[in-house]
Amino acid sequence: MRSPPPKTVVDLPTVILTLESQGKTLTYSLTQPEHRLGRDHQWADLVVPDDPLWSVISSRHAVFKQQGATYYLWDGDGHQRRSTNGTFYNQRRIGIEEGFALGETLRLEIGQDPKNKVQLLVQIQFSATASPPPLPQQRRLVLKTLKEWPLTLGRQASNSYRHWQLDAPTVSLHHASIDRTSAGLYVLRDLGSSNGTYVNAKLLKGPYTLRNGDQIRIGPFVLLYHHETLEIRDQGSHLRIDAWGLERRVKTPAGDRALLQEVAFVAEPRQLVGIVGGSGTGKSTLLKVLMGLDPPQEGQVLLNGLNLHRHLASYRHQIGYVPQDDIVHARLTVAEVLNYAAQLRLPADTDAQNRRAAVERVLEQVQLRGTEHQRVASLSGGQRKRVSIAVELLANPKLFFLDEPTSGLDPGLDFLLMQLLRQLADQERTIVLVTHATSHVYLCDRLLVLGPGGRLCYFGPADEARQFFSPTGDRPLNSVAEIYALLTPENSAAWSQKFRQSAHYQRYLASHLSIGPHYESTSVLGAESRPNAETPPQQPAPPHLYQWRVLCHRQWQLLWRDRLSLVLNLISVPIALLLTRFASDRSPFVPQDPPSLLQAAQTLRILFVFTCACLWVGLSGWAQALITEAAIYRRERLANLSLWAYMAAKLTLGKGMALAQTLLITLVGLLAFGLPKGALLPWPLGFGITTFLTLVASLCLGLLISAAVHNSDQASKILPPLLLPQIIFAGVLFKLTGIATALSWLTIGRWTMGAYGALIDVNSMVPPPLDFGLFEPPPQPFDPTPVYAPTWGNLLLNWGMLMLHSLTYMGVATYLQRRKG
């Protein structure tokens with residue numbers, strides 16, 4: 001445990017302890033070689049009153065012992081009995097086995113619940129000092145002393161008495177306000193902040209009258225309202241995570257299968273904690289449980305003493321997560337990736353200058369200076385992973401999770417990345433990573449080993465793990481990797497039991513685990529285990545329009561960077577039109593003299609080629625638009641990405657592409673096939689509208705495919721079987737009757753052909769039958785049909801059905817994409 005170094009002096013100091021809670025104080029002086037703090041009158045000499053204000057302090061809470069010129073603090077009775085709520089320095093619990101040196105003007109905390117935790121202020125006065133140094137004041141605002149209202153709270157720097165600055169990247173400029181009513185009550189309002197204001201873990205949706213004990217969360221700050229006073233109880237600069245009794249099971253045909261069994265875990269600020277184990281031992285499952293993504297079916301996860309599942313929405317911007325897959329677009333430059341991420345992750349009122357400053361800061365932190373203008377695709381694997389980490393650092397999270405960050409890296413890059421994580425942890429962060437690579441786990445402060453069946457088999461330093469798993473006990477294993485071979489489904493339970501009975505369990509886990517008074521409610525059960533399970537609080541509505549603009553700009557940048565695909569999408573249908581014209585001796589669209597028996601059939605075939613080409617371009621161009629960035633989407637959704645803005649941006653760019661394609665197709669069609677007379681509208685206008693609606697419907701179907709599949713390979717393979725019904729039921733290759741007519745309504749091609757045929761009045765191209773006298777006339781190549789009737793009702797039906805197809809496909813795609821988030 002790191003602590004401020006004591007001052008080296010010859011004379012003995014006088015140490016003054018001040019306990020502070022809700023404006024009340026208790027003061028004690030340390031003058032004897034040993035002192036005991038607690039509520040037990042028979043045990044303690046620094047006796048704390050039996051008052052609810054000090055109830056967080058245990059009966060035997062702490063022991064102070066003088067060693068030389070310095071006092072040291074031990075938890076509990078200093079021997080075996082720990083205090084219930086613990087004493088913390090920067091969210092690191094002071095243990096029972098190692099003393100904590102008291103430095104000058106030091107602030108400790110007793111307990112973790114912002115509503116009742118007690119500040120322990122340490123002052124050291126030397127004999128040469130006339131008076132003790134001033135107490136470090138907790139940030140507190142006495143509301144009744146204010147003369148002007150309302151009071152605003154936010155990131156904005158101001159010297160006004162009407163504004164209280166809460167400086168953090170995730171706090172809006174003007175985040176919330178407090179107004180005083182004529183009755184002397186105080187009303188809290190959210191001012192449309194990006195990340196919301198929470199009161200007692202619930203999202204604030206309207207004016208709220210504050211009551212004593214209310215806990216307000218704004219960004220990383222936790223404020224407590226009591227007796228007309230607003231006090232910052234936690235600035236979110238240090239995060240610790242405590243978990244115990246974690247269990248998670250899945251149902252299989254053979255019965256329930258355990259993924260996690262009675263797993264306990266603790267990670268404190270400035271710690272790098274590695275989770276290792278063989279394949280299928282539950283490493284990723286544990287990571288998701290610790291992040292709050294999958295609530296445990298038994299057990300509990302606490303973040304700074306608060307139920308993570310219950311407070312997940314308010315903590316989401318303080319938690320960084322780098323999944324195994326890269327969460328950056330390979331076609332963008334490093335600076336572009338970070339700039340777009342800053343626009344989406346930071347409050348919408350963050351100006352360009354502050355975003356640039358944030359980007360510069362994270363580039364420095366991940367050591368990527370000089371790569372700003374390189375495309376991500378040109379970077380090494382280790383550099384790409386650093387870009388993913390930089391994206392997470394933009395919001396300056398204090399708790400970081402990484403899933404297999406070194407996967408696919410060579411040993412050298414593996415070492416450099418682990419070194420970077422070590423440096424980030426040393427910057428007051430708590431970092432937890434899952435890894436298969438064990439070559440450099442010695443850089444971790446703690447190593448958690450999971451055995452088959454999700455059992456906790458070890459928790460402690462990596463070097464000591466080699467000794468713990470030694471079969472003989474006299475010589476440690478050569479490497480941590482050898483542990484994998486030792487743990488089998490048959491002996492996993494035995495190793496877990498051995499660990500729980502070991503000194504490692506007591507020293508590295510039990511003595512640091514802080515569960516406080518939460519043990520009696522040991523569950524945040526998922527809905528599958530408890531019907532009335534508590535659901536996480538709602539997140540604030542994201543700025544849909546703002547995110548839509550950012551995502552549109554990013555999507556266009558991605559399209560523009562892949563110019564070959566962009567050009568092919570634009571010219572594919574025009575090339576098909578030109579090839580069709582070359583295969584025809586003359587255009588059937590213009591009147592023919594004398595009338596040809598084949599004109600109507602030839603016109604339908606050419607229009608059918610137009611339809612198939614549009615369908616293929618729309619489907620193939622967008623069938624991978626969502627699945628290729630699934631990992632990015634899932635991570636951004638955790639950061640409150642608007643699903644509406646995401647899907648609308650795809651559709652907006654898709655429609656823009658469709659419009660450009662329509663203009664080009666119409667121009668080439670006129671040049672190649674001439675200008676026929678439109679039956680209801682001028683042919684170019686009617687043809688352009690129908691083509692545009694067809695392209696939009698097909699791109700919406702492509703987005704539906706992309707949302708439904710699980711990988712890019714599936715998206716490619718599903719295109720041919722999906723395109724075949726569009727061709728078969730278009731009504732050109734076969735005469736549709738019975739059920740085939742009904743099935744054709746489910747295809748885009750049938751409605752496109754109906755609109756084209758009505759606009760060009762293909763029925764009128766059929767010449768009157770010839771009189772063969774007594775002989776039966778030969779069948780016509782094409783019989784007039786109501787499908788191509790040149791009426792407004794028929795045309796509007798075809799256009800309306802194309803729009804209905806678009807809306808249906810887009811609605812289903814949005815629903816499926818929501819499930820992926």
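## Terms and basis

Buried area is the accessible area (1.4 Å probe) that two parts lose on being put together, summed over both. This is a predicted model, in which local features need pLDDT of at least 70 and side-chain atom pairs count only at pLDDT 80 or more, while totals for chains, interfaces and linings use all residues. Residues are numbered from 1 along each chain as its sequence is written, and side-chain values use heavy atoms, with hydrogens and water left out.

## Domains

The protein chain is assigned domain 1 (13-126), domain 2 (140-234), domain 3 (245-328 + 397-495) and domain 4 (544-585 + 593-768 + 780-820). These bounds come from an automatic or database domain assignment.

## Between domain 3 and domain 4

The C-alpha centres of domain 3 and domain 4 are 49 Å apart. About 660 Å² is buried between domain 3 and domain 4, and carbon and sulfur atoms give 66% of that area. On the side of domain 3, R316, Y321 and I327 lose the most area to domain 4, together 53% of what that side buries.

Contact (heavy atoms within 4.5 Å) joins ten residues of domain 3 to six residues of domain 4.

## Nonpolar cores

A nonpolar core is a set of buried Ala, Val, Leu, Ile, Met, Phe, Trp, Tyr and Cys residues joined through side-chain atoms within 4.5 Å. Buried means under 20% relative accessible area, exposed over 50%, and partly exposed in between (1.4 Å probe, protein chains only).

The largest nonpolar core has 119 residues, of which I389 and F610 touch the most other members. Domain 3 and domain 4 each supply at least three residues to this core. Leaving aside residues up to four places away in sequence, I389 touches V322, V366, F400, L402, L417, L420, L421 and L424. Another core, of 56 residues, lies apart from it and includes W244, L286, L399 and A510.

## Salt bridges

The whole structure holds 28 salt bridges by the search. One of them links D242 and R240, with the closest N and O atoms 2.8 Å apart; both D242 and R240 are buried. In the salt bridge of K385 with D326, the closest N and O atoms are 3.7 Å apart.

Definitions and conventions: Salt bridge = Lys/Arg side-chain N within 4 Å of Asp/Glu carboxyl O.
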